[in-house]
Amino acid sequence: MAKDRQGLHFSELVWESTEQNVAIPPRGTVDEGSRKPKSEPVKKKTSGSGYDTVQLQLWDMEESVEPVTTTESEFVQRARELVEHKEPAALFVPFKSYWPTYGHMTGAQSRWYFFWRDEVRQGRYPKTDLSYIFLHIYELINGVGWDEPQEGYRQLNLLWEAYRDSYKRLDQYLGGWIADFSFVHKLDIPLSEIVARSRGLAGDLAELELVRCLSTAPEQLSIEVLSVMSDYDISKSKFYTGEGKIAADRYIPQVVALIDAYVARKHDSNLITMFPPAPPVVRERYLFRSAVYDISLYGYSVLVPVIRVSKSPPLRSLITRLFRLTENKLRALMGYRGRLKDIRVDADMDDLVTRFLEREFRKAEQEEKGPAVVIDQQKLEQLASDSEVVRSLLTVEDTGERGQEDDAEWIIESEGALGGAGLAGAGSDADVHESTGSADVTSDAEVLGRAESAGEKSVANTDARVAPAVSANAESISDSSARAEEQVVAMIGGERIERGHEELPAGQKLTASPPPYSDSEADRWILFASELTPLQRQAVLALAEEDGSVKVQRLAAGAGTMAELLYDEINELAMDSLGDLIIDGEELTEECLSMLDYIKR
């Protein structure tokens, strides 16, 4: 057959021979003896390099297979050699490489890298190029730079947290690599942050995180993970995209955890066991994609059993309704106009969510506002220092050796310090003359009158420090000291601040007035008892009995609430009425136990 420009052409070949009409012998009639002895097969020679001959020899020979050296294995070997290498302070040198390894760096780049890596290991994260970061990540995922897997996981997370704002590409890769790291080393870690930070990982990882949280740790649920189970796309809500995002992200997971606890208390079964999902599906996950990774360490892939909990229709319906219910409650609390319609939940669930959100929202608002009274610490310390001066002036050391003359001398010295006689010059504290002669003893009334007069003068004199009203009765010196300290007027910075008043310099915000108290402690407990609801009163009395916490749980379940909510409500009332908590954990304080008679009334 030949081919030319005209198309295909066929040729007929004719084989000619001089022998004609030769008979074909029948099968088996050939003399066996005439057959040639079987000989070794003749190896056919081919024109060229003799490839077939060499190939046959390879099949016949037994040779040991030498290990294959790859670029990744060479990188790991070199990384182990340099695991402890450090460099002194070096200059930053830019470094750009798609798959960075040690061989891609120049000498200056290597010096910077090993200096930077040591800084990172010390908890400091200098600004650097992304290629340096990836090189260090490759070390960690290949098992270099840590002894325990938990330490390697911690270092990877710290790197991610430190540089993700500067390099968004870290979210694209590092989330999946950290998840692979946890699968390889069988680490029981939360995947919520990985799902939240890494786009495209909300499939299997979100399902795994849902099962973990709903089974053992519902308080660790996040809005990103729960969104997989909701038919309501909250990201398209105007309330969520506007002012409600922070509140929704915070409270929706808490509401789901609250309902999970409520169901567990009421039905002795949490959500995931009440609505069991389908059996797990085994998924193959390829490890450390797009990284410099030696597959001889942990293999090419891992098998991960995934439970499709988000595919459970009743559980998915409940989570969707809780999303919408919580958003509606937050809209009302935040004064947002408009409500979502057709939200159907049990009345007890609705009431529980309402009371929970009202309490938490009010508490968060109070925390944002801060304390009602702001204390100026500097002014407070100055006032305490001035009080110490007054106390030192009013303190008499009874040595048993000083007599009536010493008492008189103390009176004269105090009188001089308060601005009266005995000062060589006005406002001078160093020139106080000591009384060397005998002095007449001054009566208590006269001393008190002089002290009050001196106090008035010291208020007018801005150089004086204190002006106490003094009583020189030696037998009741401590009582008079306390009274004098209560009447002190301190001059701070040329302005007057009287204890018990709010007379402050212009522009200053200070003084905390003492909280109002009832006439007696009994009155406060009577007031507290009157504010308790019947359920709260029963809960307090039940805690005083044996197995009190169990009884309170039964009371709360019967009322459609939770014991923890009851404790919080009671403690909140106690703080308002008594100024202290009465429930510590699940037990009453000793003070409350001694005051139960007032509650029983």
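Trainee: Which residue lies over the face of Y232, and at what distance from the ring centre?

Mentor: R324 lies there, at 5.6 Å from the ring centre of Y232. The rule asks for NZ of Lys or CZ of Arg within 6 Å of the ring centre and within 35 degrees of the ring normal. Keep in mind that this is a predicted model: local features need pLDDT of at least 70, side-chain atom pairs count only at pLDDT 80 or more, and totals for chains, interfaces and linings use all residues. Residues are numbered from 1 along each chain as its sequence is written, and side-chain values use heavy atoms, with hydrogens and water left out.

Now to rings that pair with rings. Phe, Tyr and Trp rings (the six-membered one for Trp) pair if their centres lie within 6.5 Å; planes under 30 degrees apart are stacked, over 60 edge-to-face, and the rest tilted. The count by this rule is 25 aromatic pairs. Take F92 and Y132: their planes meet at 65 degrees with the centres 6.4 Å apart, so this pair is edge-to-face. F92 sits in the loop between α2 (71-81) and α3 (107-121), and Y132 in helix α4 (residues 130-141), so the pair ties together parts 40 residues apart in sequence. Helices here are DSSP runs (H or I, at least four residues), numbered from the N terminus.

Y132 has 0% and counts as buried. Buried means under 20% relative accessible area, exposed over 50%, and partly exposed in between (1.4 Å probe, protein chains only).

Y132 has a further partner. With Y113 it forms a stacked pair, 6.3 Å centre to centre and 15 degrees between the planes. Y113 belongs to helix α3 and Y132 to helix α4, so this pair links parts 19 residues apart in sequence. Y113 and Y132 are both buried.

Last, the core. A nonpolar core is a set of buried Ala, Val, Leu, Ile, Met, Phe, Trp, Tyr and Cys residues joined through side-chain atoms within 4.5 Å. The largest has 98 residues; Y102, W116, I137, L170, W177 and F288 touch the most other members. Helix α11 (residues 245-267) gives the most to this core, 10 residues. Apart from it lies another core, of 23 residues, including F528 and I582.

Methods: Helices (H or I, at least four residues) and strands (E, at least two) are DSSP runs, numbered from the N terminus.
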